[in-house]
Amino acid sequence: MNSTKEAQLFEGISASPGIAIGKAYVLSGDVVKVEQCDLKTSEIEKEISKFQKAIEKTKDELKRIHRKASIKIGEDGEKLFNVYKMLLEDSLIIDETIERISKERKNADYIYNCVLAKFQNLLESADDEYFMGRVADIRDVKRRVIRNIQGKKESFINSIAEKSIIFARELTPLETVQLNKRLVLAFVTDLGGKTSHAAIMARSLQIPAVVGLRDLSNEIKTGNRVIVDGKAGEVIINPSANTLEKYRKKQEKYINFTKRFEQIRDLPCRTRDGKDIELSANLEFPDEIETVKTYGAKGIGLYRSEYLYLMKNVLPSEDELYSEYNRIAKHVKPNPVIIRTLDIGGDKQPRCINIPQEENPFLGLRAIRLCLERKDIFKTQLRAILRASAQGNIKILIPMICCVDEIMETKKVIADIQNELKNEKIPFDENIDIGVMIEVPSAAILADLIAKEVDFLSIGTNDLIQYTLAVDRGNEHISYLYKNLPLSVLRIIRDVVDAGHRQGVWVGMCGEMAGSPIATLILLGLGLDELSVSPAVLPEIKTIIRSVTFEEAEKLAEKVLQLSSSKSVENFIFKIMKKNYSEFL
Ligand code: PEP
Ligand code: MG
């Protein structure tokens with residue numbers, strides 16, 4: 001931390017560009033601290049009444065949230081609120097808590113915590129998705145009631161009432177999908193790295209964000225005046241009038257800078273010597289489809305289909321999925337939408353799917369591994385994708401493939417569904433392209449063999465960096481290793497592009513490296529055919545591509561790959577960026 005007389009400056013990791021100025025809103029998150037205390041006989045009645053009042057207060061709180069619920073919660077939100085209401089009115093839970101407070105003479109928050117933990121354990125051992133969903137509900141209700149017993153203020157994400165800058169220890173993908181975009185000016189988290197999913201979502205929602213600020217959420221208070229500079233990765237608390245003025249100007253400059261890009265929106269993404277690069281957008285929320293067009297993307301290079309599941313309490317039905325995919329495909333038609341099949345697991349834990357607790361979720365039952373284990377879920381999604389493929393240009397992308405056998409098994413499931421649809425006389429695109437994400441080093445090593453089995457490859461650098469360098473993508477303590485341009489990964493990219501091209505398939509990139517301006521010239525020179533990026537950075541990437549010839553980029557990439565360390569790559573590229581593209585740094 002650097003502190004000056006006028007302001008406190010905290011430096012974190014830049015997660016999403018833009019400048020926000022406003023008041024802080026601190027989310028205490030899911031952690032509730034409960035201590036056990038003995039009560040005197042005279043205190044028992046008061047404790048019971050404290051508990052009953054807390055239940056009533058929680059009901060009011062939920063009613064209020066229900067009224068304001070963001071449209072994203074929709075129909076499932078209704079069901080969720082009903083479950084919460086039932087839990088708060090459950091006479092078994094209430095009676096047992098009251099009885100135990102007086103019998104055991106212990107504080108209400110401690111007893112309520114014990115009573116609900118018992119229910120939670122029961123449901124957890126049921127090993128059933130519906131019940132697992134209820135465990136998450138119990139945890140949420142428990143947290144709320146305990147907070148009210150302890151007389152603490154509510155600070156849950158959907159209780160934000162005015163435009164604020166959100167501070168939290170961490171934001172899970174589940175919490176982030178609930179936030180009301182209109183009220184969130186920026187978010188700042190203690191944990192997380194540049195490619196943690198909260199950071200990716202911030203970029204997708206075009207909300208400035210800084211992550212990896214270690215313990216800042218403990219130091220800041222709700223109501224503090226704050227400046228967030230998403231690009232510099234800086235947070236300034238209680239700025240002076242001078243600092244405020246300086247950042248207002250910077251904010252204005254940034255807005256003008258983004259407006260300027262409208263001019264190149266409809267120009268082709270073509271190098272000066274005429275090589276076209278397919279520049280498409282990454283999409284997380286179906287609602288964002290309009291924004292994608294605003295920034296000039298033609299197609300969707302990565303539709304992270306799991307976000308639809310993360311927003312739900314129960315598994316989405318085939319028809320529900322079909323209508324979303326159909327809508328997106330029609331919207332971008334004749335350009336493609338590449339639907340990545342469910343990439344659940346790791347840090348993406350939905351309420352609606354029961355994933356067993358794992359020691360290492362990022363190395364566990366994630367993405368295609370889960371889909372092949374849970375073919376019922378996978379088949380429902382594939383049926384929806386294939387049905388929608390009759391209406392638009394849809395391609396299927398399979399995440400986390402690590403060997404040829406997995407792709408063969410996946411293709412067999414797809415072929416089974418195709419036969420099923422044929423028998424049912426339901427139309428679909430019989431020549432639908434199937435691609436694989438190259439995001440696990442073993443898949444990169446086998447890229448030539450995998451490419452023989454598919455129509456395209458898409459490099460997912462977020463996970464590829466994570467697994468190649470053995471660096472947790474969300475861990476701020478080792479984020480110094482999580483560089484944008486590791487030499488090892490650049491070599492892998494070169495080899496994957498060559499392997500794909502030798503087998504006659506196109507090779508794209510949909511990881512965050514594709515949207516990082518400092519990587520653009522190298523990626524262009526390495527021969528990638530397609531880059532899929534967060535919509536907001538699309539104009540910057542296009543500007544850089546349009547400024548050079550392919551030959552120049554090839555020479556540059558060749559030079560870079562002869563350097564001896566990631567640091568020298570960075571220095572080399574920064575020098576070029578500073579000279580020619582300083583506004584993108
Ligand atoms: C990647 O790993 O690069 C990728 C695009 O997938 P995700 O970030 O969703 O894991
Ligand atoms: Mg990935």
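Between which strand and which helix does the loop that holds M400 lie? In this predicted model, the loop runs between strand 13 (394–398) and helix 15 (404–423). The legends below begin with the whole chain and then turn to individual sites.

**Figure 1. Overview of the protein chain.** The secondary structure of the protein chain consists of 23 helices and 17 strands. The C-alpha trace spans about 85 × 70 × 40 Å along its principal axes. When contacts between residues at least 6 apart in sequence are considered, 70% join residues at least 24 apart.

**Figure 2. Surface and charge of the protein chain.** The accessible surface amounts to about 25400 Å², and carbon and sulfur atoms account for 50% of this area. The chain carries 86 positive and 86 negative side chains. The centres of these two sets are 5 Å apart.

**Figure 3. The magnesium site.** The magnesium ion (ligand 2) is coordinated by E439 (OE) and D463 (OD), at 2.0 to 2.1 Å. E439 belongs to the loop between strand 14 (434–438) and helix 16 (441–445), whereas D463 belongs to helix 18 (residues 461–468), so the pair ties together parts that are 24 residues apart in sequence. E439 is buried, because its relative accessibility of 2% is under the 20% cut-off. D463 likewise counts as buried, at 2% relative accessibility.

Figure 4. Helix 18, to which D463 belongs, is mostly covered, with seven of its eight residues buried. The buried residues are T461, N462, D463, L464, I465, Q466 and Y467. Just after the helix, A470 adopts a positive phi of about 55°.

**Figure 5. Surroundings of S534.** S534 occupies the loop between strand 17 (530–533) and helix 21 (538–546). The residue is buried, with a relative accessible area of 7%. Apart from its neighbours within four places in sequence, S534 is in contact with R203, N282 and E512.

Figure 6. K333 and P334 are joined by a cis peptide bond, with omega of about 5°. P334 is placed in the loop between helix 12 (318–332) and strand 12. D347 lies in the loop between strand 12 (337–340) and helix 13 (368–373). With a relative accessible area of 28%, D347 is partly exposed. Between D347 and Y322 the C-alpha to C-alpha separation is 26 Å, and the two residues are 25 apart in sequence.

**Figure 7. Positive phi angles at M400 and K425.** M400, a residue other than glycine, has a positive phi near 60°. M400 is buried, with a relative accessible area of 1%. K425 is not a glycine either, and its phi is positive at about 60°. K425 is found in the loop between helix 15 and strand 14. In contrast to buried M400, K425 counts as exposed, because its relative accessibility of 73% is over the 50% cut-off.

Note on methods
Residues numbered from 1 in each chain as written. Chains lettered and ligands numbered in written order. Predicted model: local features only at pLDDT ≥ 70, side-chain atom pairs only at ≥ 80, totals over all residues. Heavy atoms only, no water. Helix = DSSP H or I, 4+ residues; strand = E, 2+ residues; numbered from the N terminus. Contact = heavy atoms within 4.5 Å. Areas by Shrake-Rupley, 256 points an atom, 1.4 Å probe, with all protein chains shown as cover. Lys, Arg positive; Asp, Glu negative; His and termini not counted. Charge placed at Lys NZ, Arg CZ, Asp CG, Glu CD. Donors = N, O, S within 2.8 Å, 3.2 Å for Na, K, Ca; no water. Buried < 20%, exposed > 50% of the residue type's maximum accessible area, 1.4 Å probe, protein only.
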